[in-house]
Amino acid sequence: MDGYVKGNTGFEQSVYAYLTELQISKLIDTLNLNYINSKVISRGHDVETFIHNIEPVDFRKHGGNLGTSDIAVVLDSILQRHDKEDISIFISDCIVSPGKKYVSSPQSLNNYLLEQRTRIKKSFISALDKANNDLSVVVCQLTSLFDGRFYNKFDQPKYYKGGRPFYIWLIGSTSHIKQLQDKVTLEPLKGSGAELKNVYTLVASPKTVDYGILLTPRLGRFEPDRANPRTAIRNIRKENRGKQRGMFMFSFGANLNQLPLDESYILNAAHYAVSNKDYALSVKEQRSGRFSHIFSLSSQIASRGNLTIALKNQFPQWIACKTDSVGNDLVKDEATEKTYGLKYLLEGVYDAFTARQKDYAVFKITIN
Amino acid sequence: MGTFFELFLGNWYCWFKSFYSDYLSQYLWGYNPVSGAYDLELRYNTIGLYTLGISLLMVILYYYVIDHPRFCKWWSWLIVALVNSAIALFVGYYCVQSDYDAGKIPDELLYSRDENGEIIQYLISIPGECWSFGISNMFMAFLFFIILSFLLHWWSRVAKYSPFIKF
Amino acid sequence: MKTYVFCIGGTGARVMKALAMLLTTGVKIEVDEIVPIFIDPDAAAADLTRTISFLRDYQYINEQLHFTSDMKNNFFKTQISELIPGYRLELSNTQNNKFQQYMDFASLDIANQALAYMLFSAKNLGSDMDVGFKGNPNIGSVVLNQFAQSEAFFDFANSFRPGDRIFIVSSIFGGTGASGFPLLLKNLRGIDMNFPNAGNIKDAAIGAITVLPYFNLAQSTDGKNDIDSSTFISKAKAALEYYDKNISGNNSLNAFYYIADDIYDTYAYSVGGPTQANKAHIIELLAALAIVDFCKMDNDILQSSKGKALRPIYKEFGAEADDEEMIFSSFYGITRKEIQRPMTEFTLFCKFLNEHLSSSQSQKWTKGKRPFDDNFFNGIFFSSHLRAVKENYLQWLKEMASNRRRFSPFHLEEMKKDVFGFVKGVKPGKVINYRSNYDLFDYYLCDIEPKISNNLSTEARFIELLYQTVNKLVEDKKLA
């Protein structure tokens, strides 16, 4: 991380701004600040000293092996210390560093990457189990000025000065993460020199999402089934006049407020799997009322049966784009904005989450 | 079995549902849009029982109180049946109108609002649908009158064979 | 148990008719069967013809009704039997014969002829007898002697049973009655022992009523005046003297009834035949009540032995009020009790048939599992016999109401707004029922109809239904 902290970088400023915001927000009691390499080194509670004392020399002063840092190990130690009332914030360049060993056997690199993925998966699975499936992870990709030596996958250094991505991971219970996101957003960090590029949120929540059939908006007619009025409808009829003749549409509302997902993620119909292809889904936000969002399903065929709509945990495309698959030379590989091995790290997290909770929310509607 | 009795009045009312909107029908079934369940008062039952009760009174009045040799032809029966229906019209109208005035009909069934809370559509038109429900109540009352007449005319002294001898 | 009623002459016929009317209305008579026997040479006497016709209708209806425990009906309850065909005891040789031919005057010797001339006037001897004896009992007493030889008398004796009673109705002022009554009585008490049941007949309970004059006869239009009502009184006196010796004097009768009245009316002159249709008179009704009274008496009062009554009873009729127009309240309680209720019931019944039946036929009581349909109303029971009875009864009431002394206990005209106010002197009571007049009648009909037994024939059901209805109406409205 030396290159990010030389002088007064955007990295320092944005982290400083963020941590300060955290303190101001009164969301947290205590801020425990640490450096981490092969071990966790506590740095007290004062943000000022933490940030302004970050110079390459300081990293050396405080010990630990600054060389090869196995991200999987680092994440595991963070997760081990993580308590359910805590929020763990991990700031790193997240570059996977297989090391010199692999110079002689580059063909084993792939295995190393896969192994990283598996280990991260295991760590997160235990963390999920420990947290009773109440865990969310927000991975934010930011960019900052980097000035220093860059070590490639074989640990071969080369000087580089320019923008480089770094990552802030937020780990905590779903409700805490949600509160954090609501109160202290990362957007304002833009002005502080670091730029927020992408976010990947993973959510696991033991609570089922509250949802229920609504009478409007609709096209055509139906009746909520008396036996299960919230999840079943019957006597469906298509609209028989006006421009929308022949269409049938019904809506249900769901309360997705407890999920710390981005609004744009929720409103994107592509993120949903609808079991019956006859029905097309659209999502709208609702400002007031019991439900945060209204889902409308329309069909010209108006078939009957059981319908399952699932909000999927979609692995973002940007991750592959931002993954450096070569890892030799930043400039030559055109990987200045990419991170080596990023995909494997995040796939590991993804695998852990989808193993424990396949979808963010599932809605089952019966149509008779 | 309990559900059968609980729902049978409402089911009969649904034969005449076409006079008024689906939303009013859902209200009368006791649909609560807030909870998404049928946990409000099943108005079909209450109004149905009033109408049934009035029809019963009219049947008893015709067959056992009036029971008059000069008022026991098919047209006398019809007059009483029509009076009963007329009363039911007003009962139906009044019940829905007073529910509306008392604010018992949930907002979500009355109006469709946009994000800002502005009304974009009136789902139940008041007072028009109060009368429409009254009309459907008229038919129900006539039906009740026919059935109760069939059940209760046997012991009438004079009007037993009213309206038809094969009754 | 039967009572044989010998009805002699025109008065006998009219009293029998009155009795039949009373039995139609359901007056209680304590015997099961009345056997009328008319003795009248006047075969075409209009009164007799009318009476016989009425009896036939009555009997037809009585036979259609089966008086079981299912029936509460009192109308037509007592049987009136036709023992001898036509009810008439035939008098032979009175047709197309003059009196002198009848008594074979020509074959008498001079002495007897002289005697005959003393007893009978020339007019008498030259009388033809088809119409009776025209007020001449001297002829009658000769001619009527024959009936003991008649086949009818034999049949009568044959049918007589112990416990049966005999009653004789006659007028004292007529020709047939005055002579026939003592003769008949003599032939009964002195019956030839060769007759069947002679012993029973000889000592039977025998009663009689003799009707004293109650009308005048106008002068005949052709001036012939074979019957002169001015002689009625004198003839009565003569007869009474005879009775004193030969009837009451020798205890022939167990019960002897007298009835008389002031003379008010003058009838149109007629010697007899089809034109002698006297209007019904209250005296005839009251005379019929004597028969009722006689039948009600206990057997021990009416004991006879060796052809003589042991304790003869003599009765006269008295009314509480002496009004020219008599209504029910004019009579004492016993009479009122006997006749007011039955007559009111039957009159209401007749009024209903006339005034309201056609509108009532659409009511519920005529429908149902055993309906009173067109078949019934067009059948002979209803349209022929019952109608005849009703017409005759109402006619009988009308005649009495227009006679003098008048008996008009009812308003016979239609009073649709006060249907139950038809009994004079009686204000109808109120019932707790908002229906009134014929609507009330219909209501009662519909109410009672389901309770009538289904074991009865349609005819019997009809009478039973109407009886129970008028009975209840009269009861509830306190009309009797």
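In chain C, 40 residues of domain 1 are in contact with 35 residues of domain 2, contact meaning heavy atoms within 4.5 Å. This is a predicted model, in which local features need pLDDT of at least 70 and side-chain atom pairs count only at pLDDT 80 or more, while totals for chains, interfaces and linings use all residues. Residues are numbered from 1 along each chain as its sequence is written, chains are lettered from A in the order in which they are written, and side-chain values use heavy atoms, with hydrogens and water left out.

Domain 1 of chain C covers 2-94 + 129-317 and domain 2 covers 333-476, with bounds from an automatic or database domain assignment. Between them, the two domains bury about 3,600 Å², 66% of it on carbon and sulfur atoms; buried area is the accessible area (1.4 Å probe) that two parts lose on being put together, summed over both. Three salt bridges are counted between these domains, a salt bridge being a side-chain nitrogen of Lys or Arg within 4 Å of a carboxyl oxygen of Asp or Glu. One salt bridge joins the side chains of C:Arg405 and C:Asp261 (2.8 Å, N to O).

Turning to chains A and B, the contact takes 15 residues from chain A and 18 residues from chain B. About 1,500 Å² is buried between chain A and chain B, 47% of it on carbon and sulfur atoms. Of the area that chain A buries against chain B, A:Leu215, A:Thr216 and A:Arg226 supply 38%, more than any other three residues. Chains A and B also have three salt bridges between them. In the one formed by B:Asp22 and A:Arg218, the closest N and O atoms are 2.9 Å apart.
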